[in-house]
Amino acid sequence: MPATMPDPPARDWRGIGHSTNLVGRSSAWLASCGFNDAPVPLHIWGVREMNPSLFTMLDQAETLPEAGGAFLAYLTAMFGLDPEQRAPAPAGRRRFRSSVLRLIQGWGFDSNGAEGAVLKGWVESRFGICPSFHRQIIDHIASPAWATYVEEKMSSRFHNNTIWVQLDLLFEFCQWAIARFAFPGETHLTLYRGVNALDEHRILERQGRTAVLRLNNLVSFTSDREVADCFGDQILAARVPLPKVLFFNGLLPSRLLQGEGEFLVIGGEFRVALDHV
């Protein structure tokens, strides 16, 4: 008689996560609608304390573009991002040094590429929220999908220049810029996301034209509903808490994610309104 095949692991529709993180809040709460409904400021431990000169310099800026330029100058000096700062390799060629700018540019081309894996890995490390999708659905940590994600997030190509520390600084700068220049006094923004098939998402609750979805641990939204129309025949509208924003169009004086009004948002559960194009 043939051996009985074990049942496949049940999907954890609430997602995979860690009990610890670097922001001092429960990871499960950070990934919940409860946090989104009543957010609190988030700070990665030690970043502002270890970079006082950056925030002193930022406090002198009078506009967001001026502050963004100062932030880029600080990153360039701290992490040797200018070509002339790079020590030549033994063969005489200059060494590649990873930067947050390359990661975000790569995300704009393909959020499931290697750069996307590094960004999702940073969210996992700092916020304790694991990805639910990278190239394919990630059901559990023993799956081939998880193995592919881990291999790509730890690629030595991107970890030769303390890339997660650069992302820590980007998050803290983004939060500073939101409070100082971009959205002072605000707690939420209504943002949009276009999708082709709602049943491809993890639907936790649904009632009429509203639903609670488990989104990936890092997800793109847009501030322009017409842009969202281009990415799917169903539009998700969400009240996104500003403490979950990592990057937005206009944060830096660059062309990164410029054309689509894009926001990079820490994911988890989101209550969304559903609409058809």
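Let us begin with helix H5, residues 64-79, which has 16 residues and reaches 22 Å from its first C-alpha to its last, close to the 22 Å expected at 1.5 Å a residue. The expected span is 1.5 Å times one less than the number of residues in the helix. Helices (H or I, at least four residues) and strands (E, at least two) are DSSP runs, numbered from the N terminus. Please bear in mind that this is a predicted model, in which local features need pLDDT of at least 70 and side-chain atom pairs count only at pLDDT 80 or more, while totals for chains, interfaces and linings use all residues. Residues are numbered from 1 along each chain as its sequence is written, and side-chain values use heavy atoms, with hydrogens and water left out.

Which residue caps the N-terminal end of H5? Thr63 does, with a side-chain oxygen 3.2 Å from the backbone nitrogen of Glu66. Just after H5, Gly80 takes a positive phi of about 60°. The buried residues of H5 include Leu64, Ala67, Phe71, Leu75 and Phe79. Here, buried means under 20% relative accessible area, exposed over 50%, and partly exposed in between, with a 1.4 Å probe and protein chains only. An α-helix has 3.6 residues a turn, so residues three or four places apart point the same way. The buried residues of H5 pack against helix H4 (52-58), helix H6 (100-109), H9 and strand E7 (245-248); contact means heavy atoms within 4.5 Å.

Phe71 leads us to the aromatic residues. Together with Phe173, Trp176 and Phe181, Phe71 forms one aromatic cluster. How many aromatic pairs does a search of the whole structure find? The search finds 12. Rings of Phe, Tyr and Trp (its six-membered ring) pair if their centres lie within 6.5 Å; planes under 30 degrees apart count as stacked, over 60 as edge-to-face and the rest as tilted. The ring centres of Trp29 and Phe35 are 5.0 Å apart and their planes stand at 80°, so this pair is edge-to-face. Trp29 is partly exposed, at 29% relative accessibility, whereas Phe35 is buried at 0%. Phe127 and Phe171 are also edge-to-face, because their planes lie at 75°, with the ring centres 5.4 Å apart. Phe127 belongs to helix H7 (residues 114-127) and Phe171 to helix H9 (residues 163-182), so the pair ties together parts that are 44 residues apart in sequence. Both Phe127 and Phe171 are buried.

Is Val47 buried or exposed? With 7% relative accessibility, Val47 counts as buried. Not counting residues up to four places away in sequence, Val47 touches Asp168, Leu169 and Glu172.

Finally, I shall consider the strands. Strand E4 (residues 202-207) and strand E5 (residues 210-222) pair in the antiparallel sense over five bridges; pairing requires that DSSP finds at least two bridges between two strands. Ile203 stands opposite Leu213 in E5. Two residues lie between E4 and E5 in this hairpin, and Gly208 in the turn has a positive phi of about 60°.

Note on methods
A polar contact is a pair of N or O atoms within 3.5 Å; within protein, one must be able to donate a hydrogen and the other to accept it, and residues adjacent in sequence count only if both atoms are side-chain atoms.
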